[in-house]
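Welcome, and please take a moment with the chain shown here. A short tour of a few of its features comes after the display.

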Amino acid sequence: MSEDRYTVLDRMRFTKNTTSSRLAILAIVFDVLFFISIYKSDVDTYYYTIIIGASIIYNLVFLLAAFLSSEGVKNYNTTYSWVLVILGIIQIARIFIIPMDAHRTIIADSPVMGNAQFVRTIIYLVASAVCLFASAVINWNKSRALKSHVASLEAKKA
């Protein structure tokens, strides 16, 4: 192992995983933009359904889970990588719930969600998912490298 690589790995023992943490926070920002884009709309009674209520509750759970994960990945905990992957998959699945349905639904001769808003909400959800996936992969790789490095240090001690 080169001396630079060794230094980088050894330094990880004393620093936080800020890259993964910041990507998880960025995913939260994209989710908030999605949330604002959806819930500022008021088209007839379309948005007064149980699906919207469930979506609001999910958004709160998402925000809490993503923030908890952003704190967890700071300490190179691989468990939070799985949480981030699951949240990313759900963000992709959300595309097919409210945005798709609102874009297809016509009320008073116009769609509930116009093309521009539809594209914007899709971009927000995909960007959020990409940030979550990237955060999970980076955390996984760094955690495994750090664990291996610490194990080699323990082996040198013995």
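The sections below take up confidence, a surface patch and a loop.

## Confidence of the model

Keep in mind that this is a predicted model. The chain has a mean pLDDT of 92, and 99% of its residues reach 70 or more.

Helix H1 (residues 3–12) has the lowest mean pLDDT among the elements, at 80, while helix H4 (residues 79–94) has the highest, at 97.

Next, turn to a nonpolar surface patch of about 530 Å², formed by Ile25, Leu26, Val29, Val32, Leu33, Ile36 and Phe67. Helix H2 (residues 18–39) is the main contributor, giving six residues to this patch.

Phe67 belongs to helix H3 (residues 50–72). With a relative accessible area of 45%, Phe67 counts as partly exposed, because that class lies between the 20% limit for buried and the 50% limit for exposed.

## The loop between S1 and S2

Finally, have a look at the loop that links strand S1 (106–107) and strand S2 (110–111), where Ala108 is found. Asp109 has its place in this loop between S1 and S2 as well.

Both residues are worth a glance for their backbone angles. Ala108 has a phi near 55 degrees, a positive value in a residue other than glycine. For Asp109, phi is near 65 degrees, again positive in a non-glycine residue.

What is the relative accessible area of Ala108? It is 73%, so Ala108 is exposed. Asp109 is likewise exposed, with a value of 79%.

Technical notes
Residues numbered from 1 in each chain as written. Predicted model: local features only at pLDDT ≥ 70, side-chain atom pairs only at ≥ 80, totals over all residues. Heavy atoms only, no water. Helix = DSSP H or I, 4+ residues; strand = E, 2+ residues; numbered from the N terminus. Buried < 20%, exposed > 50% of the residue type's maximum accessible area, 1.4 Å probe, protein only. pLDDT = per-residue confidence, 0-100. Patch = residues over 30% accessible without salt bridge, like charges linked within 9 Å, V, L, I, M, F, W, Y side chains within 5 Å. Areas by Shrake-Rupley, 256 points an atom, 1.4 Å probe, with all protein chains shown as cover. Salt bridge = Lys/Arg side-chain N within 4 Å of Asp/Glu carboxyl O.
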